[in-house]
Amino acid sequence: MDDTLAAETELRRLLTIMAALRDPATGCPWDNDQSFDTIAPYTIEEAYEVADSIARRDFAALPDELGDLLFQVVYHARMAEEAGLFAFAEVARAIGDKMIRRHPHVFGDALARDAAAQTAAWEIQKSTERMARSETGTLAGVPVGLPALTRAAKLTNRAARVGFDWPDAGAVLEKLDEEIAELKAELAGADPARLTDEVGDLLFVLANLARKLDLDPEACLRHANDKFSRRFDAMERLLAAEGRDLKGESLDAMEAAWQAVKRGE
């Protein structure tokens, strides 16, 4: 059996399994209780688990994680079919049509493009598609459900296309200093609403700084999270090896252990 035929067979099997799980009479009670809203968080979680496997280069686990993500697509499509909205075939057809439409240099008679030219053409095509959906405005179509840092970078990247942007990273750093000063000014009052506003502004500017440096702000923060987790665990193990417990240590003692871990990296 060739790979294409095997894929078709396994996909049909997965669709059959999903239908059985959602069968009102003989299916799984938990699966029958779910809705688009309750499944959506799992969809996001599975996408992150795929990204995590790739980041860790755990390609042995990647087929399983991709399967979990595919199951989410099948799940949403099954619920839509039950509601008379659409079925899995329409999902597959829509993405297939979109890829052909967006790659005329591969599937049509347009001239071949390099990566930069293709990116520009891709954005023009997406803009045309948004207009067809009556999504107007420079920022139209940036999903609200994106991680906040990613959405900040995408929003300002869109704004930058029409010239609304800082000239360079240095100018963003100046704005960062301004936002830090505004946050400091609000600390005395400790108004949660004001602090939320100022911390949000600070994070927004940091997302823009990453964008101006051609960095992914989410990737930067993931790296920082991983680094903190690694160093904290090492600090805890270092103190434990000396018969000491974090809960009984002063901040100065923990800082000394933290610095020892950093020097050892």
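**Exercise 1. What volume does the second largest pocket have, and which residues line it?**

Step 1. The model is predicted: local features need pLDDT of at least 70, side-chain atom pairs count only at pLDDT 80 or more, and totals for chains, interfaces and linings use all residues. Residues are numbered from 1 along each chain as its sequence is written, and side-chain values use heavy atoms, with hydrogens and water left out.

Step 2. Take the term. On a 1 Å grid over the protein atoms alone, a pocket is an open set of points where a 1.4 Å probe fits, with protein on both sides within 12 Å along at least five of seven lines. Lining residues have an atom within 4 Å of a point.

Step 3. Give the volume, the space filled by probe spheres set on the points. For the second largest pocket it is about 400 Å³.

Step 4. List the lining: Glu90, Val91, Ala94, Ile95 and Lys98.

Step 5. Sort by class. Ala, Val, Leu, Ile, Met, Phe, Trp, Tyr, Cys and Pro count as nonpolar, Asp, Glu, Lys and Arg as charged, and the others, Gly among them, as polar. The lining has three nonpolar, no polar and two charged residues.

**Exercise 2. At what angle do helices H3 and H4 pack?**

Step 1. Find the helices, which are DSSP runs (H or I, at least four residues) numbered from the N terminus. H3 covers residues 36–55 and H4 residues 62–82.

Step 2. Read the angle. Axes are lines fitted to C-alpha atoms over the stretch in contact, and angles run from 0 to 180 degrees between N-to-C directions. Here the angle is about 160°, with the axes 9 Å apart.

Step 3. Name the arrangement. H3 is therefore roughly antiparallel to H4 (over 145 degrees).

Step 4. Check the partners. Contact means heavy atoms within 4.5 Å. Among the residues that meet are Phe36 and Ile39 in H3, and Leu62 and Glu65 in H4.

Step 5. Count classes: 13 nonpolar, four polar and four charged.

**Exercise 3. How do the axes of H11 and H12 cross?**

Step 1. Locate H11 at residues 217–241 and H12 at residues 251–264.

Step 2. Their axes come within 9 Å and cross at roughly 115°. The two helices are therefore roughly perpendicular (65 to 115 degrees).

Step 3. The crossing is right-handed (the near helix is turned clockwise from the far one by less than a right angle).

Step 4. Name partners. Phe228 and Arg231 are among the H11 residues in the contact, and Trp258 and Lys262 among those of H12.

Step 5. Count classes: 11 nonpolar, no polar and two charged.

Key
Angles under 35 degrees count as roughly parallel, over 145 as roughly antiparallel, 65 to 115 as roughly perpendicular and the rest as oblique.
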